[in-house]
Every structure is written in structure tokens, then in C-alpha cells.
Amino acid sequence: MKTILRSRNNRLYLLSVITDNLGSALMAFVLPLMVLDITKNGLHLSIISVIQTLPVLVLGLPVGAVIDKLDVKRVLIVSDLVRLISYLVLTSALAMNLPVKFMILIIYIVSLVVSITNAFNTVSEVTFVSFLVEKKDFAELNSLIYGIQYATNFVLPIVGGVLYKFVSHSLLIAICSFFYLTSLLLEKEIQVKTVSNASNEFSTLKSAGKTVTADIKEGLRYTIKLPSVLYPLILTALVNIASANFDNDSLIVLRAQIGLSSESIGTISAIAAVSALIGTLIVNRLNERVGFNLLLPMLVFMAALFRVIFALNKNLLILTVAIASISIIESIINISIITNRQEHVEQKYLGRVTSIYKTVLIGVNSLGYLFGGLVAKKVGSRSGIGVSAFELLIIAVISVSLMIKTKQN
């Protein structure tokens, strides 16, 4: 860690990650709760979740091909700028106290714009790591980045739960905007070359646009030829479809069925964030001792087990423990998948392979949200979590076979 923090560029980037995640964590806590309280309809949560992931299905593959030829740092800066402006628009709309039908429409539009931006931003973040440190330090920097994410997810729900009760919705969103502004300014100070060709940004973008189809095909061929990259992609896609709606279902159980206050929900969210932070601290040791090929099936099975526990219990302590355990598992899966990809993919293909992952893994969440939302509407959110657990058990069995094939190759 000392080696990574010795670099000024790394320190600036980690500070930008902190401020970026402060905005994201506060928005992630406030927006679902706000939508649920404004509309009194949990289906809007699933619709917004679909809106937030759908652009990845449309833009994911082209984005990776384009980013491999662009200045990645500039993409990060522009992403923060767009999110800043979008949330300022939402702040203004909330301050005007518009009717519910207009307000939810604006939330849909802002969510769409931000999700399109995130399609570029998330691919750039993974690619940017390869410009900051050597391959041997990927896992450590990834753990720091995710550690920051989960640490902010611990602090912000507690603060957000209190603020939500006493501060207006518009001011809460304005605070999120401020964090993105700070992140943008920090990223501008990073001095690192993140584009290898063409000094003119417009000509680079034009060139990338002309070859985007060929670049996408090349990236797909490259991914398909690597079982160590392809099989984890297939498995995590199935996991995402089965488990995507858990956050929405659990929020509905805690808020609508049990009747918890925003402060209590904030506390549980903070516990989940701390649990996810624990995952970042143990993931490297688990990968070293257990190995990625065995670890992934084990994690999927455990994810199913704790969803069963959640679905069958009404005791708040047990529900909280289940949520915390699921957060640890998801944290380990996320970091393991990213590190596995970075270790096996050449840097010149990393943007494209990452975009393929994002297209599949985030994009299929749309199916998961729709399916999970419809199941919850039909049988209830608690039973919907039970259905998700059963699906994960089946995926755990499939994962054993695929990981064995990966090891053989």
C-alpha cells in the first residue's frame, strides 16, 4: 500500500474516488427512498433500475472500442461534469415541488442521462488503473478503490438517514452534485498519459468511430478465445440476472412491510457497507489460498444460502446479518472478477473486454430487475428473494462444471 500511495497521481486518483463515491453513495441511498416515498409504488424502483442499466446493453460494446483509443482521464472528467449538471437539474425540479407525475418523469430522464454517462465512466475507471500501476499492483489498487467505495457506503447511509428526515430532497441532491464537482477538479490534476495515439481529441474520436465495428469484433474474438475470461463472464451474468432485484426487494421488506424509519434503514445500509469493506480486506488472501476457480462457485452457493435465510425470517437481527453476509460475498465476487480480467487481458484489449463485461453483467441486470420486479409484484418481495435463492443454487452447480473446464484449459 505504501508503494501505491507514494505516487502523487495515485493519491489524487484515490481522493477523486472518495469524492465520487461520496456522491454515488448518497445518491444510491436517497434516490430509491425518495422515489418510494413520492410514488408509494415499489414498481418504480424496478423501472428506474432498468433505466440505469439499459444503456449498457446499447452502448457497452461501442464504448469499450472507442475508449481504447481515447484519453481515459478526459472521459472520467467529462463523466463527472455530466453527472454534476444532471443532478443540478434534478435539484431544481425538486425545489419547484412539481406534481408527482412530472417529478417521476424528470427522475426517469436524469437517471437515463446519468446511466449513459456511467456506461463510459465505468469502463474508463477499470482501464485507468492499468495506466497508474504495474500489473502486480492491480489487486492492491482495486482493493483500495473498492475499500473506499464500501467505506463511503458505510458513512453516507448513516448520515443520509438522518439528513433525509430533516433536509429537503433538493438539498440532498445538491450535496451529491458538489461531490462530483470535487472529483472532477481532482482528476484534472492527475498527470499521466492515458492515450497512446493522436494528439487531436476530435480526430481520435473520429478515427475510433470509423473502426468501432472492427474493434468490437476483435474484442469479442479475443474474449471468446480466453476460457479464463469467458467462463467467469457467463457465470456472473447468470448470477446478476438471478440476484439483481435483491436491493429493491429488501428495501421494500424493511420499509413497507416492517416499517423501519429512514435512520434505521441507513444504519442497516451502513452495516452492509462495512461488511463489503471486510470483503475487500480478505479477497486477496482468499484468492491466494483457495484460488479463483474454486472461490467463485463457493461464493455463489453462499449467496443463495443467505438469501434463503433472509426469505424465511422476520427477525430484524437475522435479516441484518443476512444482508451483511450477502454484501461481503458480493464484494469478494466483484473484486475477484475485475482482478481476474485485468490479469488475463492485454492492456490494448482491456477497454473492449471490460466493455463486454459491463454490457453483459450490468446490462443483464435489466432482465433481473424486470423479472424480479414482476415476481415480487406477483408473490411478494420476500418470496421473490426466495425465488432468487433457488436460481442461485442452480447456478452454483453450473459454476463447478465451468470452473473445472477453465482449470483444464
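**Figure 1. Surface and charge of the protein chain.** The protein chain exposes about 18,100 Å², and carbon and sulfur atoms supply 66% of that area, in what is a predicted model. The chain carries 34 positive and 22 negative side chains, and the centres of these two sets lie 3 Å apart. Of the 409 residues in the protein chain, 55% are buried.

**Figure 2. Overall fold of the protein chain.** The secondary structure consists of 17 helices and zero strands. The radius of gyration is 21 Å, close to the 22 Å that the globule rule gives for 409 residues, and the protein chain is therefore as compact as a globular protein of that length. Taken along the principal axes, the box filled by the C-alpha atoms is roughly 55 × 50 × 40 Å. When contacts between residues at least 6 apart in sequence are considered, 88% of them join residues at least 24 apart.

**Figure 3. The largest nonpolar core.** This core has 89 residues, of which Val30, Tyr87, Leu90, Ile107, Phe310 and Leu392 touch the most other members. Helix 2, spanning residues 8-39, contributes eleven residues, the largest share of this core.

Figure 4. Leaving aside residues up to four places away in sequence, Tyr87 touches Met27, Val110, Val114, Ile173, Ser177 and Tyr180.

How values were computed
Residues numbered from 1 in each chain as written. Predicted model: local features only at pLDDT ≥ 70, side-chain atom pairs only at ≥ 80, totals over all residues. Heavy atoms only, no water. Helix = DSSP H or I, 4+ residues; strand = E, 2+ residues; numbered from the N terminus. Rg over C-alpha atoms; globule rule 2.2 N^0.38 Å. Buried < 20%, exposed > 50% of the residue type's maximum accessible area, 1.4 Å probe, protein only. Contact = heavy atoms within 4.5 Å. Areas by Shrake-Rupley, 256 points an atom, 1.4 Å probe, with all protein chains shown as cover. Lys, Arg positive; Asp, Glu negative; His and termini not counted. Charge placed at Lys NZ, Arg CZ, Asp CG, Glu CD. Core = buried A, V, L, I, M, F, W, Y, C linked by side-chain atoms within 4.5 Å.
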